[in-house]
Amino acid sequence: MAIQKKICMLGATGVGKTSLVRRFVQSIYSEKYHTTIGVKIDKKLVTVGETEVNLLLWDLQGEDETFKIRPAFLRGASAYFIVVDLTRHETFVTAFSIQQMVEREVGQLPFLVLFNKNDLTEQFEILPEELEQMMKYGWKMFRTSAKSGERVEEAFQQLAEKMLKKDCA
Amino acid sequence: MFLSVEICRIRVHPRSILLIKMPQSIPQKELQISPDNPDTPELSVNGGGLPNELGELRKILVQSEEVGEVLPDALKKRAKKDNQLAEATLPLVEENIRQSVLRNPRILAEAIFPIIGPAIRKAIAEALSQMVQSLNQTLENSLSPKGLRWRLEAMQTGKPFAEVVMLNSLLYRVEQVFLIHKKTGILLQHVTLNSTETQDSEMVSAMLTAIQDFVHDSFQTSEDATLDSLKVKDLSVWIENSPDAILAAVIRGNAPLNLREIFLEAIEQIQFEQEKDFHKFEGDTAVFDDTRPVLQECLQMQLGEKNEPKGKIFKPFNILAGVLGILLLVGGFFYVRDYWRWSNFVGRLRNEPGIVVTEAERGFFKHEIAGLRDNLAVNPVEILGEYGFDTDDVWQNWKLFQDADPKFVLQRAEKFLDPPPSVKISFENGVLTADGTASAEWFTEAKKLALALVGVNEFRIGFAGLKNEIESKKIAFNCGTNDFAENQEKAVSELTSEFEFLSDLARSSQKNFRVEIEGHADESGTDAANAQISQARADKILAEFFAKSEKLKQNNQNFKAVGVGAGGNASECAVRFRVLLE
């Protein structure tokens, strides 16, 4: 029987968290839950080695000026994604504040940063140098595209592996 | 193994006894210090040199300190092994508590207040909540048809109405029970009724936890306050919390509040038994498989009214329905029977001669029939009984009329013409015929009356009867002579009258008649003699008639006397008559 793990999808508003998971997960709830209670639960089964891991994805409403992530929704998470929109620089900034907030609320957890909308090359606002700087922090990152599905499966797999290894870097 | 070190009292006195119980682990040694005991060491109160035994005592005390050091660990290890330690110390603990309460109840009261306070508050709140629920249901059900039925049930069984309402309201089933890890929202176990369709329980479980957090954050409830229930139409989710787990039960229908106690007991038991598993939970839910029986017990179901004891069918509603059913059946039977009887009665009257039904109506309480009736026809009142009706049941209105039915025409003719016994009347095709002998006056009168009768178009006089009457008679003579035999006067006289009647009848009906008077003789004489004597006899009779009746004499052309001798049909000494009508 698969083990169960709680995973959070975090990020600024409109970075494509929901789009990112839509094609890759089982879902029974509509997106209106984001605007009503601030979270939507989806499920994704991955296999790490011989272990089946059932990832329960807490897709949290995007953080912006008017809405802050409810810390209660983070409780009990085993790992998390932070999603950044490559075409909006401010989402990159938000990613840092989110990461700090998570560490403050629930401590260190394995996480991955997903730089989404990798297909809109011409509209990139985040400079390659900034990405390199981030790499120096030791953050693991993926460039994904919800539109093409690029590296999305891989990201889930990676996070599951980090989570089982309790690799918080 | 039970260890104890008990030093009762040590008093150094020349006549005292020092009794020391040694731990079992140490060789038992009992020292009796007494002047009478030859083994008593010499003790000095001025602190002179200690004997060996006291040295030994010191050693024992040192050992008890060592025991004290290992005792907590020893107790812990023993407690892990089995529950004998708990059993052994139980009377001691109970006695300690008793003594403590006797000495100063406040200490214990203060100690347990943090536990007992919320427990009491919760119990009171639940009791009140149950009462309000009961009151709401009572109000809701009081005025409905179902409520009235329950009132009847309450009256019949002698139970308070509120209790009957509660008993009948409990129609629910717990369809699913989720055991959720409180911290992560991960589903640990999920049990369902077989018939229940479920969504992805893992996502539902996480969402439920999210909703709990959402409510908690949104309405800034106190730290230990949690969402108790969700309700959508007849489906509700009841949620019970323990420090590490959430039990969520999905209930369809109207469950009683005391079901919460079952859920509470379940979650408390699970919390108690699996507390360590909750703390070290890493996503492997298999360790919670043992909780399934406890969760299964939460899948309670109550079928309400269907669950009533069998055989209890004599409830007011059933009785009422039964009585109504029987009444309907009986009513139906009487209705059909009445309908059938009435149809037959009316049908009979319609076919009855002398009755014309113009109106027949079947009413609920009284029937009506009206029409025309010949008073010679059957009386409807008299045949009512044959069809099961009383005169009170049927209102009748009959107008009299005369029916031209041959039967009635004849009956009326008999009544009005009043014919003598010698006259027979008949009616056919509008013609009334009177046949037989009566006075000419009667016939005259009868003709007038007959033509006034309904249905009579013509009145005829019948001669057949008269003809037969005359022709059946004879006048006897003494053989060989022309003399009447004895006692013939009466016959002569009757025949005279009959011939008179015949002539009157013929005249009135404008018919001609002839009478042949046939004289006969026996075969004893010669033919000539017989011819002669037979003629003589006929002539004699004719003369006799003419002598007796002037009327016949005037009609003499209609009479003819012939002698036929001894031949013909009759060979006898007599005269016979033949009537011929034209």
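In β2(B), His190(B) is the bridge partner of Phe178(B); helices (H or I, at least four residues) and strands (E, at least two) are DSSP runs numbered from the N terminus. The model is predicted: local features need pLDDT of at least 70, side-chain atom pairs count only at pLDDT 80 or more, and totals for chains, interfaces and linings use all residues. Residues are numbered from 1 along each chain as its sequence is written, while chains are lettered from A and ligands numbered from 1 in the order in which they are written.

Strand β1 (residues 171-181) of chain B pairs with strand β2 (residues 187-192) of chain B in the antiparallel sense over five bridges, pairing being assigned if DSSP finds at least two bridges between two strands. The two strands form a hairpin with five residues between them, and Gly185(B) in the turn has a positive phi of about 75 degrees.

None of the 20 residues of α2(B) is buried (20 or more other C-beta atoms within 10 Å of its own; exposed, 12 or fewer; partly exposed, in between; C-beta atoms placed from the backbone).

Between the chains, 21 residues of chain B are in contact with 23 residues of chain A (C-beta atoms, placed from the backbone, within 7 Å). Helix α6 (residues 201-218) of chain B gives the most to the side of chain B that touches chain A, with ten residues.

In chain A, Ser148(A) is found in the loop between β7 (141-143) and α5 (152-165). Ser148(A) is exposed because 10 other C-beta atoms lie within 10 Å.

Conventions:
Two residues are in contact if their C-beta atoms, placed from the backbone, lie within 7 Å.
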